[in-house]
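Dear colleague,

I am handing over the structure below, together with some notes on what turned up when I went through it. Please read them with the coordinates open beside you.

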Amino acid sequence: MFQFMTSTRIIFGEGALERSLSVLNQFGYSVLLVSGKNLQRSALVIDYLNHQNMRYQHVAIRGEPNITMVEEVALVGRKFKPDMVVAIGGGSVLDMGKALAAVIPNQGDVYDYVEVVGRNVPLKAKPIPFIAIPTTASTGSEVTRNAVLRSGQDRVKVSLRSPEMLADVAIVDPRLTYGTDTQTSARGAMDAFTHLMEAYVCGEPNPLTDMICEEGLRKLSGAIIKGCLEDDPQARSDLSFAAMLGGMAMTNAKLGAAHGLASALGGKLHAPHSIITAQLAPYVMQENIRAATLAGRDDILNRYEKLAQILTGRVNAHRDDGILWVNMMLDKLPLPKLNSFGVCSTSFESVAQDALKSVAIKGNPIPLTIQRLMYILDQVCQCDGECQQGEQLESSSKADIIHQGYRQDEGRLQSSE
Ligand SMILES: [Fe+2]
């Protein structure tokens with residue numbers, strides 16, 4: 001038995017945004033618009049809202065969202081009473097929008113609803129309609145049911161999760177990813193890869209997620225270099241598609257140790273999630289293959305072999321060739337190493353302990369001990385004695401209420417703040 005859930009409606013293709021904005025009108029006339037700091041990305045949506053005389057409040061976020069940010073913006077959002085949340089941006093922006101759509105109609109503290117460090121109680125009220133418009137090919141957040149939030153007090157990343165949080169509409173327009181800088185593109189593509197890879201080898205796959213992962217991995221492996229390094233339109237489109245499939249796969253199968261360790265490390269370091277998962281991926285693959293070999297788990301080893309065949313395009317590829325493929329991508333793409341974020345200044349033992357409490361690690365194809373998780377961290381660190389202190393890299397995650405628009409019939413027009 002298995003079940004499958006995804007966003008209610010997906011609109012995919014070049015030019016999809018321009019051609020489908022009228023879909024917003026079916027949800028009402030007031031919009032909480034969430035974007036990243038690059039306001040150009042949301043210009044098309046703002047033009048549409050102005051043209052339609054829709055009431056909107058615009059929140060621009062910088063960095064990855066944390067629970068305090070969600071609480072602060074939700075207070076503003078509750079006063080504004082939006083009919084819908086529209087989020088246009090990368091994975092962080094989409095997660096922020098998704099969290100706001102869930103939290104605004106629900107009373108109480110965000111900690112009431114988050115897993116691991118919170119009370120994890122189900123949402124009482126249904127989230128308000130949520131429209132997700134990704135501008136990167138990365139997290140697949142447009143089709144996932146969770147928002148990843150940093151908990152500052154616990155120094156971990158946790159999820160606010162509910163099937164009710166799936167977007168009402170996902171508008172995936174690969175054109176929005178054109179021209180994205182190489183490093184952002186590479187980080188996103190490798191995070192999408194890790195979703196597809198972990199969901200494919202996880203302990204609870206199903207026939208539908210297998211099909212999705214195989215197609216996603218095929219598309220991604222064929223497009224990753226041309227899309228990230230050459231900004232090739234067809235490759236960009238394939239990466240957007242693969243990233244969306246990654247989101248579908250992880251929502252309906254499980255993830256694994258790379259994401260488990262990333263949720264623990266991500267709260268302690270200010271390294272982007274995508275860089276952490278990308279750098280962990282080959283070491284986790286190696287460790288899982290080792291553990292499966294020792295345990296005589298041919299079912300897991302066969303999965304890694306199939307994975308290697310898809311990634312390399314060679315029918316005779318060996319399971320270790322998959323690891324070689326990932327390392328080749330990490331060499332070709334401009335991704336920073338984890339030690340540039342101060343990874344050595346964290347305690348591997350507490351990271352491994354936190355990772356074992358994560359939801360993601362429960363999906364790993366085979367259980368890994370705390371010692372083996374610490375071994376992975378040691379390998380990925382590859383300390384050269386020059387690790388920077390994480391504290392010095394404290395990023396400034398921030399949410400700014402930057403602009404409010406009003407319906408003309410309310411007598412106030414686009415007041416800027
Ligand atoms: Fe991820």
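Why are Asp191 and His195 separated by about one helical turn? The two residues are four apart in helix 5, which spans residues 182-201, and this spacing is why about one turn of the helix lies between them. Please keep in mind throughout that this is a predicted model.

Asp191 and His195 are both buried.

Turning to the nonpolar packing, the largest core comprises 78 residues, and those with the most contacts inside it are Met190, Phe193, Leu220, Ile224, Leu261, Leu280 and Leu307. Helix 9 (residues 273-295) supplies the largest share of this core, with eleven residues. Because domain 1 (9-177 + 397-410) and domain 2 (183-386) both contribute residues to this core, it lies between them. If residues up to four places away in sequence are set aside, Leu280 touches Ala258, Leu261, Ala262, Ile376 and Val380. There is also a second, separate core, made up of 35 residues, with Val73, Ala87, Leu100 and Phe130 among them.

Strand 2 (residues 30-35) and strand 3 run parallel and are joined by six bridges, with Val34 having Val59 in strand 3 as its bridge partner. Strand 3 itself, covering residues 55-62, is mostly covered, seven of its eight residues being buried. Strand 6 pairs with strand 7 (residues 156-161) in the antiparallel sense, again over six bridges, and here Ser151 stands opposite Val156 in strand 7. Strand 6 (residues 146-151) is likewise mostly covered, with five of its six residues buried.

With best regards

Note on methods:
Residues numbered from 1 in each chain as written. Predicted model: local features only at pLDDT ≥ 70, side-chain atom pairs only at ≥ 80, totals over all residues. Heavy atoms only, no water. Core = buried A, V, L, I, M, F, W, Y, C linked by side-chain atoms within 4.5 Å. Buried < 20%, exposed > 50% of the residue type's maximum accessible area, 1.4 Å probe, protein only. Domains from an automatic or database assignment. Contact = heavy atoms within 4.5 Å. Pairing = 2+ DSSP bridges.
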